[in-house]
Amino acid sequence: MVRDKEIASKTAELLLQIKAIKLQPQDPFTWASGLRSPIYCDNRITLSYPPIRNFLREHLADTVEDQWGKPDVIAGVATGAIGIGMLVADYLNLPFIYVRPEPKKHGRQNQIEGHLEKGSSVVVIEDLISTGKSSLNAVEALKNAGAQVKGMAALFSYGFEDTVKRFKDLSFDLYTLSDYEQLITKANQMGYLNEEEARLLSSWRKDPANWNQALIS
């Protein structure tokens, strides 16, 4: 859930300004999964803009402390959240680790990179929540390593119904700086969308798979 609507609106504005989020409802992107989408999000672009990355770092850090107190460790989800996760850990003066999608095939075959003591309290940082599967996979890996995972803070979420349900069913706390609803509102205010484009974007979020099929047909 979004913790603060004012911060959510400002975050959406910044992501749109630097094209970390692109909206193309009339010319959809194709995701790796094959899904066609009117939106593409690459929050790693924020790392190239110091004032923006500092804004995001500070508000993610505030979210961590306000919701869970100061954990023992900050964990980023590879690869997208490694950069912003390190910034948050540095801001809070905490150790940082990151979690791969799966263990390496060579060397020490680590899935978790960095030093993690069993029993340590951990907050996970994500750059983007889509289906939530990779995010929750990282949480599972941390728990299997003996960590006490307190929750997750992310820059942005699409807010898919299945994803929201997945987190809710696990009773796992997720807070985001901004989300899809705030993004569309801000994009309208900034003149990025006409009425038809806003309608297409809203319908996609409700049922992305069927929206995709309808578009192709």
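Reply: The side chains of arginine 57 and glutamate 58 meet in a salt bridge, with 3.3 Å from N to O; the term denotes a side-chain nitrogen of Lys or Arg within 4 Å of a carboxyl oxygen of Asp or Glu. Arginine 57 counts as buried at 16% relative accessibility, whereas glutamate 58 is partly exposed at 30%. Here buried means under 20% relative accessible area, exposed over 50%, and partly exposed in between, with a 1.4 Å probe and protein chains only. Elsewhere, salt bridges that share partners join Lys10, Glu13 and Lys186 into one network.

The model is predicted: local features need pLDDT of at least 70, side-chain atom pairs count only at pLDDT 80 or more, and totals for chains, interfaces and linings use all residues. Residues are numbered from 1 along each chain as its sequence is written, and side-chain values use heavy atoms, leaving out hydrogens and water.

Lysine 10 is partly exposed, at 34% relative accessibility.

A further salt bridge links aspartate 42 and arginine 44, with the closest N and O atoms 3.2 Å apart. Aspartate 42 is partly exposed at 21%, and arginine 44 is partly exposed at 41%. By the stated rule, the count comes to eight salt bridges.
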